[in-house]
Amino acid sequence: MLRKLSFPPCLTFVLAASALTPAILSGADGAEVEKLEGFLQAHCYDCHDADVQKAELNLEALMHGGSPEMSDAGKWETALDMIVKGEMPPKKKTQPSQAERDLGAAAIEELLATWTESLGENPGRVTARRLNREEYNNTIRDLVGVDFRPAEDFPRDEVGYGFDNIGDVLSLSPVLMEKYLDAAEQIAEKAIVAEIPEWPPVHRPTLGDFQLLSWESQLLKLPLAETWVATYSQPSGKPPITAPLTFTPSPTVSEINVEGKRVRFVTSIEINGTSRDVSVTAEERATGRILGQWISGAESGVFEAKAQPGPAFAGSWDAVASLPDGRDIKQELTLTVRDDGALIGRIVSLADDRRSDVDEVVAENDTLRFNYGIQFENNAMDVKVQASLDNNGTLYGNWVLVGSDQTETATGSWKAERPEPKDEESNVRLMGRAIGMFREGEARLEFEADRPGEYRLSFTSYQDKAGPENALMGLYLDGQEIERIDIDWEKPLTQSRTLTLSQGKHSIGLAYLNNYVDNRISDRKLRGDRNLFVREVEIAGPLGLPRPPLPDPHRRIIPHQPEPGTERETARKFIGEFASRAYRRPATKDEIERIASLVDSALEEGESFGEGMRLACQAVLVSPHFLFRWELDSGRQVPADQLIRNLNAYEIASRLSYFLWSSMPDDELFSRAMDGSLQDSSVIRSQVQRMLSDERSEALVRNFAGQWLQIRNLGTVEPDPTTFPEFDPELGASMAEETYLFFNAVLREDRSVLELLDTDFTFLNKRLAAHYGLESENLGDAFQRVSLPEDSPRGGVLTQASILTITSNPRRTSPVTRGKWVLEQILGTPPPPPPPNVPQLAEGKEIAAEASLRERMRIHRDNPDCAGCHAKMDPIGFALENFDGIGRWRDFDGTFPIDSAVTLGDGSNVSGSDSLKSLLKDKEGYVNSFIEKMLTFALGRGVEFYDRPVVKTIQDSSAETGFKLSTIVTEIACSAPFLKRALEKESHE
């Protein structure tokens, strides 16, 4: 039973056995061999000699003329199982008496026992194992801590003995090596921060991030700083309320918010003798006029504000003076407000660049009057202009040319409009590396503070000096001026200011407040054009907070940043620690030095320490010492005649962690390995209990149970949508989850493995409970533990929809597949493969309507080539026939009542699933098979005939606790095959 006919002899065992014993052994004495020969001739050679060889078995050849060979032990073991269970000879053949059957079995037992004894203690030897996909993902998770499953796109792992962690089949292809290289690069990039961010964080906006504003084209600082006259209309014929208004924070004005040409604020006015707060929302409709709405409680009305004339007309104007002969003279008018509030300015004739001072400027309401002097036909003349401001912000009027005797000599029309700002001619614009402010304006930046606190604003500024003053910079926060800075330097100078910010978005503005242009004055110190320039703005903060720790994956590899000058020394320390964890044993000095040379090269090329450590991390992750689980024998100092060795503590730690967690050892296991205590069986037992209680033991459930019970296959099962329209991927996932949770409960609650076959509880969600026809109203999408009704046919894995679905055909149940599954996975006695050219079972609706599936299968079994195997498989499957192809209970198959009463191959009578479960629980073969399956998974190799005593010991020990799952796991972890290994023959030559 330990060695199945369907599996070839293990090459690993053959190498080990050849170092221990001769290749051919008669084993038992001549009398036992003669007894075996006589039994075979009487009952077996008719079907299994050189001529017939049914199931590809030639027992006559296995006798080797009276000297059976140890290399055939697996086939003899299968023959023994068949004889003991009464499955051979077939029922149609003459059956040996029980005494004859016992004699034949005893002869084979003696043969196997002799071979086993000749080997002495033989723990076998496991091939160096590559990490499979699950192990790789889990190891990366526990080693590096990245939220990343890089093996998802790796090629699928090969399977041996039913599991994907078998060393003999875990090869390494060129494609997979490429995947490892790519994954290592991605992992290193995700784990290690190559460039450590500055602290406190520094925001370095580009100049293009600033909003550049010329104030004369916006409803901004200059007009709003002056006094306006506001009118609040009232309903029901009440007279409007007129009041002065200043757009600056004051006891009566608050919450000012300016957005482009829109303004919102709250002010206090007197309404009907009572001071009331009113909210105003308005926008600029023409220069010097703002229109909108006001509201106070239940009252509201129209709001209008007119600026005092100075601010309304201040700024630049594009003017056209039309002559009587039809010509137009284009002019540029600039008006500024003097400190005393008076308007002064200059007008330029763009045709000849003739410039004249503007004086006697009078601004009343919407009317503007001013004079300027010119030379006309060698005479000094005055031009008098009068114009009115319309609702669109355009000045319309006339000009008159007046001589010294006040005689009007010429007249014409005059028009002026605000110029449209152009990017290349804007008063505030980008000038390469700096923002140039050539007239009053602002560079405004939107900044979002991650948290409240103090922030350091740094900026570099300088001026083009002209006039009697230095350039004056205004610092604004959220539209409010908080400081005026006198820029008394002409070369770039960096300054800093501390801003207190609340969490959220803020507006930070740097403004030019006092433009000056005068190229006529003779004083060189005063002549010229004053401008302001800003560049290299940074915002750092919040200040004073401790640096947050770097991400956990980074700190696992680089616990702290090296001090300057210690990078190489620190790299070797960190690489030694990381490589030792990755290799699951202390890294050697030479290994560390080879990897650290990559960091040295990176530093020499000007890369950061983090970049160098990324290269080192990649080198570790593609090393064979990481990708493979090595248990090296070469180089060990052992006596020449020593053929086995104890695993060292680090090797035991890896075996334990990959058995129970499918991942690398944790700090506790490493610590126990370092002090050597992990070679003590009592320590191993305590560690197993600790590890089983850890959430990482979920991997044992998913990887062992998922493959033993084959529920991983649910992802590839596709029931026919016409026959089973209820099935979808969501239902399939729920089926698998029920089985995983159920196995997990048996493990966590320290239950017996017998309860895997039959118990009174399971785990269901609303969808799966409804699928089973059970109460589902109190269930939701999440799974819950559910007690099954006493009359429920459910209970145990055999009646769970996951198993029933994967053992069905797309359109119907498959008693053959279900029976074969029970023989292979539950009893460990797989039937031989079917003979070639066996016809398929007749299918189709018409055929299904003529006879039940059981009747059709009976006809199929009439083929003598099929009868032997089907006699074992079919009855088991028909005992489960009340469950349809997706696990639902049914009483009829079409129109035919279901008969689940069967007689098994050993003569046992079974009636339905409950009876089958009871019988299987009583069979010694189930526990024996379960131990073999788990031992195979734990060792990463197939179970051989020389493992029979170990399996028997584990079974006897677990029987004392009622075959508790935790006991089986612990006894496996303490067994000789798990803690020892046979040495390679080559190491003794």
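Tutor: Over residues 1-27 pLDDT stays under 50, and the model has 80 contacts beyond four places in sequence for this stretch. Residues 217-223 also stay under 50, with 24 contacts beyond four places in sequence. The model is predicted, and across the chain the mean pLDDT is 85, with 86% of the residues at 70 or more.

Now to the backbone itself. Most residues other than glycine have a negative phi, and most peptide bonds are trans. One joins tryptophan 199 and proline 200, with omega at about 0°. Proline 200 sits in the loop that runs between α7 (174-191) and β2 (202-203). Another cis bond joins glycine 541 and proline 542, where omega is about 5°. Here the loop holding proline 542 lies between β28 (528-540) and α10 (552-557).

Next come positive phi values. Tyrosine 161 is not a glycine, yet its phi is near 55°. Its place is in the loop between α6 (133-144) and α7. The relative accessible area of tyrosine 161 is 22%, so this residue counts as partly exposed, the cut-off for buried being under 20%. Serine 662, also not a glycine, has a positive phi of about 50°. The loop between α15 (649-660) and α16 (667-674) contains serine 662. With a relative accessible area of 3%, serine 662 is buried.

Conventions. Residues numbered from 1 in each chain as written. Predicted model: local features only at pLDDT ≥ 70, side-chain atom pairs only at ≥ 80, totals over all residues. Heavy atoms only, no water. pLDDT = per-residue confidence, 0-100. Contact = heavy atoms within 4.5 Å. Helix = DSSP H or I, 4+ residues; strand = E, 2+ residues; numbered from the N terminus. Buried < 20%, exposed > 50% of the residue type's maximum accessible area, 1.4 Å probe, protein only.
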